[in-house]
Amino acid sequence: MIMEQQITYNILYVDDEINNLNSFRAALRRNYNVFTAESGEEGIQIISKNDIHVVVTDQRMPNMTGVQFLQHIPGDQDNIRIILTGFSDVESIIEAINTGKVYRYITKPWDKEELKITIDNAVETVMLRRNNKKLISELQANNEHLEEKVKSRTAEVERQKEVIQAAKMQSDSLLLNILPDEIAEELKRFGRSYARKHPQVSVLFADIKGFTLVAEALSPEKLVTELDEVFRAFDNIVDKYDMEKIKTIGDAYMCACGLPRSDGENALKAVKTAIDMQQFIRGFGLACRIQNLPEFEIRIGIHTGPVIAGVVGSRKFAYDIWGDTVNIASLMEQHGEVGKINISASTYSLIQEHYDCKHRGKIEVKSKGGIDMYFVGDALPTTA
């Protein structure tokens, strides 16, 4: 009962099928307050009485379709709207997306993990939007009272103290966002962080296929928005498996597992992360396709071995890793294929009991000769 009271985000699901409502509630009730309605009319009543963050609706319902229901939501409601439906309703969904009424389109039956990731991203989006509105409102209010504040020197001094304290808190928060916790703490305490050698780390590279062509087909604003949504989803997946995001380089995403703390399941977690990334990209590509936008497709490569890790920079800190392991992981990505996960022999040796992998043989790589590579396949059944 205590845990339920701590849930602060409200999700509404509208569907005329009771079984779907029960399945949806069971999938998300641990993370969100889930409201359900059997019709659009009932959904409108719930929205009028509750602050709903994300609205999910079936398309095919008697009396009022999902799109019609979304159109009846009052215009002052700030929430994210998602439709669950079949492929036969694509034209109506395209119309809803083009009018800005729908955030995402998911086909039925839904995948539980994909649904959870989509809802998480939707909640994050609506909260960022609401927080931005709140900040703008607060800034406007502060500007209106600025002249009154500067009349008193004492008040000005106090304000400066508050600004300095807020800046320090923001700096500490930013440091924790870009560096692992223990590295950030070391940097705050001693003013520097020492490089360390880690004997076994799984390094993952993900790269978007034909990014130059995709970039040419989109406006700069749309390109950045699409790329930001992809990388935000990747960040959530990386956090899910206790991996460490290292950096993004243009359209490439780099992360690792096994540092700054060692992890005996580093290779397995890296492969699970890669699988979730590919699953997200497939769903994201479907949304792009129905909007006639270029699809994002990725190659992923993983290699396991020793690395050197440390902080570089004196003003703009960055946690980075070096060594031949990083180079080989990059080669795994470069010599992979779209939609697949290409791993080295060292990674394969650590996950072979968990996944059915296809040996590609020795692939010739410049300056490295032949390197054994494997494509990750389906998960193997677990043994008792």
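I take buried to mean under 20% relative accessible area, exposed over 50%, and partly exposed in between, with a 1.4 Å probe and protein chains only. I note that this is a predicted model, in which local features need pLDDT of at least 70 and side-chain atom pairs count only at pLDDT 80 or more, while totals for chains, interfaces and linings use all residues. I number residues from 1 along each chain as its sequence is written, and side-chain values use heavy atoms, with hydrogens and water left out.

**Entry: cysteines**

I looked up Cys255 and found 0% relative accessibility, so Cys255 counts as buried. Cys257 is buried as well, with a relative accessible area of 1%. For a disulfide I require a pair of cysteine sulfur atoms within 2.5 Å; the sulfur of Cys255 has its closest cysteine sulfur in Cys257, 8.8 Å away, which is too far for a bond. By this rule I count zero disulfides.

I then turned to Cys288, which lies in helix H12 (residues 266-290); helices here are DSSP runs of H or I with at least four residues, strands are E runs of at least two, and both are numbered from the N terminus. Cys288 is buried, at a relative accessible area of 2%. With contact meaning heavy atoms within 4.5 Å, and leaving aside its neighbours within four places in sequence, Cys288 touches Glu226, Leu293, Pro294 and Glu295. I also noted that Arg104 is 184 residues from Cys288 in sequence, yet the two are 10.0 Å apart in space, C-alpha to C-alpha.

**Entry: helix H3**

In helix H3 (residues 40-49) I listed Gly40, Gly43, Ile46 and Ile47 as the buried residues. Seen down the axis of H3, these buried residues fall within an arc of 115°, so they line one face of the helix; the arc is that of the directions from the helix axis to the C-beta atoms. Gln45, Ser48 and Lys49 are exposed on the other side of H3. Among the elements that cover the buried residues of H3, I found strands S1 (10-14), S2 (33-37) and S3 (54-58), together with helix H4 (66-71).

**Entry: nonpolar cores**

I define a nonpolar core as a set of buried Ala, Val, Leu, Ile, Met, Phe, Trp, Tyr and Cys residues joined through side-chain atoms within 4.5 Å. The largest one has 41 residues, and those with the most contacts inside it are Phe234, Met277, Phe280, Ile300 and Ile302. H12 gives the largest share of this core, ten residues. A second, separate core holds 21 residues, including Val54, Ile82, Ile119 and Val123.
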